[in-house]
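Here is a short briefing for a first look. Keep the sequence and the model side by side as you read.

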Amino acid sequence: MSAFKMRSILTIGATALGAFYLGSYTERRSSNETTTATEKFQRLPGLPVFATVSAAALIPAGEQNLTATPSRISQIMKYGFPGLDHVRSQSDYVLSYDRRNRVPHWVFEHLTAESVARNDAVDRSKSDFKPDESIHPFFRAQNTDYRRSGYDRGHMAAAGNHRLHQKHCDDTFLLSNMAPQVGQGFNRDAWNTLETYVRKLTKSYSNVYVCTGPLYLPHKEDDGKMYVKYEVIGSNTVAVPTHFYKVIVSEAADQKLHMEAYVMPNKVISNDTPLQVFQVPPETVERAAGLLFFDQINRKQLATINGKKI
């Protein structure tokens, strides 16, 4: 498929999403300027209040607990939680788990040049895919669900993003961090290209924040009606997303913020398709996912969105 045709399809899809996912987009902004993340969580019962940090530098390796500490969580979630449904933390990322579909709603990471650098002490071949025992058995995905399904166990938090400790890498192999992805032509190719691009951003920016997750997008069928349809796999009926997204904020040394948003279809994509074809307005992803990304950032304060000045 040509890059022009792919871009046309995504443009039409973005327009359809804007019409399909009705609702107010502006109402969330007024509270952002007057309410801090900590104040917001203090009003919500049953949620932990995480410590705040003045900068998003990684905790030095010698001082770091290999379970997620409040300070590390607040580093990762510095610019806000996209949603609050079944939020849980691993040693180096935070996720919201979709118990009905047995995949994440979203997974949040904070990357630096140090965290993605090659580390001979970390070997992903020693990491095993395994069920997340912290998930209730009713809602837990198993390796058997993926077996002979035709889909890869696709990382949302990429293993290559977490190289400071073996434990960090191991945690990315929990099935709560996975969603079924087409293997050849997507997970091992186009999606991997996007993951590699995100890591390369750490060469230009002090801190990179990335939120990743699945989408289930509507399409029009022969009767002219719009439907949301997706496959499920295994005895636990793990949902196969139609698309995946990444929303990225890169923080420069001068504190300027740059946002990018990508949506990729969960299918074979030609290797010569440039990543820019998959760029979409961030609000398009928000409407489709039912989430608000980086809501502690006033969009007017961003230096660029998808490479374009605000």
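This is a predicted model: local features need pLDDT of at least 70, side-chain atom pairs count only at pLDDT 80 or more; totals for chains, interfaces and linings use all residues.

Residues are numbered from 1 along each chain as its sequence is written, and side-chain values use heavy atoms, with hydrogens and water left out.

**Annotated residues**

- An unreviewed UniProt entry marks His 155 as "active site"; UniProt positions follow the numbering used here, feature names are shortened, and annotations may be inferred rather than shown by experiment.
- His 155 sits in strand β4 (residues 151-155); helices (H or I, at least four residues) and strands (E, at least two) are DSSP runs, numbered from the N terminus.
- His 155 is buried, at 8% relative accessibility; buried means under 20% relative accessible area, exposed over 50%, partly exposed in between (1.4 Å probe, protein chains only).
- Beyond four places in sequence, the contacts of His 155 include Arg 124, Phe 129, Trp 191 and Glu 195; contact means heavy atoms within 4.5 Å.
- A polar side-chain atom of His 155 lies 3.4 Å from the backbone oxygen of Thr 172.
- The unreviewed entry's "binding site" annotation covers Asn 187.
- Asn 187 belongs to helix α8 (residues 183-187) and is buried, with a relative accessible area of 16%.
- Asn 187 touches Asp 152, Gly 154, Gln 181, Val 182 and Asn 192, leaving aside neighbours within four places in sequence.

**Thr 212**

- Thr 212 lies in strand β6 (residues 207-215) and is buried at 0% relative accessibility.
- The side chains of Thr 212 and Lys 246 make a polar contact of 2.9 Å; such a contact is a pair of N or O atoms within 3.5 Å, where within protein one must be able to donate a hydrogen and the other to accept it, and residues adjacent in sequence count only if both atoms are side-chain atoms.

**Strand β12 and its partners**

- In strand β12 (residues 257-265), nine of nine residues are buried.
- Strand β11 (residues 243-251) pairs with β12 in the antiparallel sense over nine bridges; two strands pair if DSSP finds at least two bridges between them.
- Phe 244 has Met 264 in β12 as its bridge partner.
- Five residues separate β11 and β12 in a hairpin, and Gln 255 in the turn has a positive phi of about 75°.
- β12 also pairs with strand β13 (residues 304-305), in the parallel sense over two bridges.

**Helix α10**

- Pro 282, Thr 284, Val 285, Glu 286 and Ala 288 are buried in helix α10 (residues 282-289).
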